[in-house]
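Dear colleague,

I am passing on the structure below, and my notes on it follow directly after. Please read them alongside the coordinates.

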Amino acid sequence: MRTEVHNINEQTRHQDLTEGLMMFAAGTSKYFNTGEWRTVTPVFHADLCRQCMLCVPVCPDSSIPVKDGVRGEFDYGHCKGCGICADVCPFDAITMEEKGVC
């Protein structure tokens with residue numbers, strides 16, 4: 001019997017995982033802090049941000065929260081440091097730094 005993907009954790013036996021660890025359900029990363037994979041970290045400079053929100057839809061990990069129409073700090077628990085957000089920011093409000101800096 002295979003374990004539902006949202007129930008997989010550190011105690012899950014290897015026999016209960018799917019072959020090749022293939023995932024058949026969407027949205028599983030919210031259950032795992034995948035930010036530890038990152039080698040560079042995006043740094044948000046709120047003073048330079050113009051709230052254009054160009055960074056939000058391009059984040060493949062949905063790690064840029066928006067509340068009440070205002071962009072917030074990164075969700076570093078899930079951000080993998082791809083740098084797409086920094087590439088699209090026209091105001092240099094996001095810079096990429098070595099992981100140990102943040």
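At 36% relative accessibility, C52 counts as partly exposed, a class that lies between buried (under 20% relative accessible area) and exposed (over 50%), taken with a 1.4 Å probe and protein chains only. The sulfur of C52 lies 5.9 Å from the closest cysteine sulfur, that of C89, which is too far for a bond, since a disulfide is taken as a pair of cysteine sulfur atoms within 2.5 Å. C82 is likewise partly exposed, with a relative accessible area of 48%, and its closest cysteine sulfur, in C85, is 6.1 Å away, again too far for a bond. By this rule the count of disulfides comes to 0.

Please bear in mind that this is a predicted model, in which local features need pLDDT of at least 70 and side-chain atom pairs count only at pLDDT 80 or more, while totals for chains, interfaces and linings use all residues. Residues are numbered from 1 along each chain as its sequence is written, and side-chain values use heavy atoms, with hydrogens and water left out.

As for the fold, the chain has 2 helices and 4 strands, which are DSSP runs (helices H or I, at least four residues; strands E, at least two) numbered from the N terminus, and from that end the elements run β-α-β-β-α-β. Of the 102 residues of the chain, 29% count as buried. Among contacts (heavy atoms within 4.5 Å) between residues at least 6 apart in sequence, 61% join residues at least 24 apart.

Best regards
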